[in-house]
Number of protein chains: 2
Amino acid sequence: MKQIKPRKRPQQKRSRDTVDTILNATAEVLIREGYDQTSTNKIAVEAGVSIGSLYHYFPNKEALVLALNRRLAEQELDLIRQTFVEVSNAPLRDTIRKSVEVMVHMHRIEPELHRVLVEQVPRMGPLRKINEIDRQIIEMIREQLLRLKRELSPAEAELMIFVVFNIVETLTHQAVLYQPQLLQGERLIDEISSLVELYLRKKMNL
Amino acid sequence: MKQIKPRKRPQQKRSRDTVDTILNATAEVLIREGYDQTSTNKIAVEAGVSIGSLYHYFPNKEALVLALNRRLAEQELDLIRQTFVEVSNAPLRDTIRKSVEVMVHMHRIEPELHRVLVEQVPRMGPLRKINEIDRQIIEMIREQLLRLKRELSPAEAELMIFVVFNIVETLTHQAVLYQPQLLQGERLIDEISSLVELYLRKKMNL
DNA sequence: AAAGAAGTTGAGCTTTTACTCACATTCGGT
DNA sequence: ACCGAATGTGAGTAAAAGCTCAACTTCTTT
């Protein structure tokens, strides 16, 4: 039975720095080498700490990736929660526009790391639940939809959430990483926003 | 410099069978264990051939995955080409509907394998070009768009292709793998089709 | 049926990776 | 200044993975 939690909690500042350094190195190596070429040894070398130190705080590669993901997800979620509060009383058009903008910003925080985490990290075993963040975004979308139309049936809501979430997620993800020129000016943001608006207005007869 | 082409071409039926068995085993192991837990040794055991045989035909893991991808891509492309010929004179609504249907079918050929190949296989080095198939689909979309509106500017066409391709790809992919209940009846196919139609009609004033 | 070509085998070598532990160093409190 | 707790070290062991090659079997051709 593999353990995934840190073995020891860092207590002094010194060790908190070490943990931080190790996580930064994990990100470096992940981006540079890809998930399966990443090893704890490489991470330790990159971090400039001994392999022993690394194993004080992380029992294996999965734990490192999980912790790194958590750290990134927290930054991303802060950004998103903030925006959803801001738009919680805005008209549909503005709500959509701001939400799309924040998704783009989110993907720009650490695009390469984000890419490796969502595209390469195996969604098996303990890493299955790596996308806590997606679940939270989905909840926020659900709230917004119900705010706009109280009498929405659950099944219909699920379908709309599925469509809207995946559209926005994939278009921003793909654009940030592979078609950055589409983000020059605001062309793509305009396009995504108006597409989502078109869809929601039609579905909700607004 | 790593070599990724097969070392020897199989000539007799016997060895073509071996190669086939090896590729089938590669798929099995990939699906069961994930990309980074897959090793040439495990594949050889799964296939019931000696490790030596495997290395006669494939120099390393990447070559195996590349060959497997090619084999799957060919099946998928056949399906898609056929459909695009069928719809090449149909009205917009039918064109879209049939295209969405074929994308769903495509993802259903070997869904688990498809998932591993697109989600986990590192897009680095020789495997960068793994998505030949996407490029071909994109070309077919371009043709269809130009058929519908001759005077489309290249930049505008690029944007629309980007949006349409990614919407359809991600919604079908996610649905087949993670929300199969949405494919009961034709609800999701209807939804995707009407969304794409809505978008294209607006963009092209049709 | 002879013989060379094609195909197969697996023991075993090398390299990489995971992980431990006995020891050394630093820190925080007294 | 001293001590115990926290932290850091890296050589070293074990397991896994990558890969080769010389010997063996089967096929194809004449």
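Is A:Arg93 buried or exposed? At 53% relative accessibility, A:Arg93 counts as exposed. Here buried means under 20% relative accessible area, exposed means over 50%, and partly exposed lies in between (1.4 Å probe, protein chains only).

Before moving on, some ground rules. This is a predicted model, in which local features need pLDDT of at least 70 and side-chain atom pairs count only at pLDDT 80 or more, while totals for chains, interfaces and linings use all residues. Residues are numbered from 1 along each chain as its sequence is written, chains are lettered from A and ligands numbered from 1 in the order in which they are written, and side-chain values use heavy atoms, with hydrogens and water left out.

**Stop 1: the whole of chain A**

Show chain A as a cartoon. Its secondary structure comes to nine helices and zero strands. Helices (H or I, at least four residues) and strands (E, at least two) are DSSP runs, numbered from the N terminus. Along the sequence the pattern reads α-α-α-α-α-α-α-α-α. The C-alpha atoms fill a box of roughly 60 × 35 × 30 Å along the principal axes. Of the 206 residues in chain A, 51% are buried. Now consider contacts, meaning heavy atoms within 4.5 Å. Among those in chain A between residues at least 6 apart in sequence, 74% join residues at least 24 apart.

**Stop 2: A:Arg93 and its partner**

Select A:Arg93 and A:Glu197. They form a salt bridge, with the closest N and O atoms 3.4 Å apart. The pair links distant parts of the chain: A:Glu197 sits in helix 9 (residues 187–204) of chain A and A:Arg93 in helix 5 of chain A, 104 residues apart. A salt bridge is a side-chain nitrogen of Lys or Arg within 4 Å of a carboxyl oxygen of Asp or Glu. A:Glu197 counts as buried because its relative accessibility is 8%.

A:Arg201 is partly exposed, at a relative accessible area of 31%.

**Stop 3: A:Leu195**

Stay in helix 9 of chain A and pick A:Leu195. A:Leu195 is buried, with a relative accessible area of 2%. Which residues does A:Leu195 touch, not counting those up to four places away in sequence? They are A:Ile167, B:Val163, B:Ile167, B:Leu195 and B:Tyr199. Draw a distance to A:Thr172, 23 residues away along the chain: the C-alpha atoms are separated by 13 Å.

**Stop 4: helix 4 and helix 5**

Two packed helices are described by the angle between their axes and the distance between the axes. Select helix 4 (residues 61–86) of chain A and helix 5 (residues 92–109) of chain A. They pack at an angle of about 165 degrees, with axes 10 Å apart. That makes the two helices roughly antiparallel. Axes are lines fitted to C-alpha atoms, for helices over the stretch in contact, and angles run from 0 to 180 degrees between N-to-C directions. Under 35 degrees counts as roughly parallel, over 145 as roughly antiparallel, 65 to 115 as roughly perpendicular and the rest as oblique. On the helix 4 side, the residues that meet helix 5 include A:Leu72, A:Leu79 and A:Phe84. Their counterparts in helix 5 include A:Val102, A:Met103 and A:Met106.

**Stop 5: A:Glu76**

Within helix 4 of chain A, select A:Glu76. A:Glu76 is buried yet has no salt bridge. The nearest side chain of opposite charge, A:Arg81, is 11 Å away. Leaving aside neighbours within four places in sequence, A:Glu76 is in contact with A:Met106, A:Ile109, A:His114 and A:Ile133.

**Stop 6**

Select helix 1 (residues 13–33) of chain A with helix 4 of chain A: they pack at about 100 degrees, with axes 10 Å apart. The two are therefore roughly perpendicular to each other. Helix 1 residues that meet helix 4 include A:Leu23, A:Ala27 and A:Leu30.

Finish with A:Arg32, A:Glu33, A:Lys42 and A:Glu46, which are linked in a network of salt bridges. The side chains of A:Arg32 and A:Glu33 meet at 3.5 Å, N to O. A:Arg32 counts as partly exposed at 45% relative accessibility, and A:Glu33 counts as partly exposed at 24%. Over all chains, the whole structure holds 37 salt bridges.

Technical notes:
Lys and Arg count as positive and Asp and Glu as negative; His and the chain ends are not counted.
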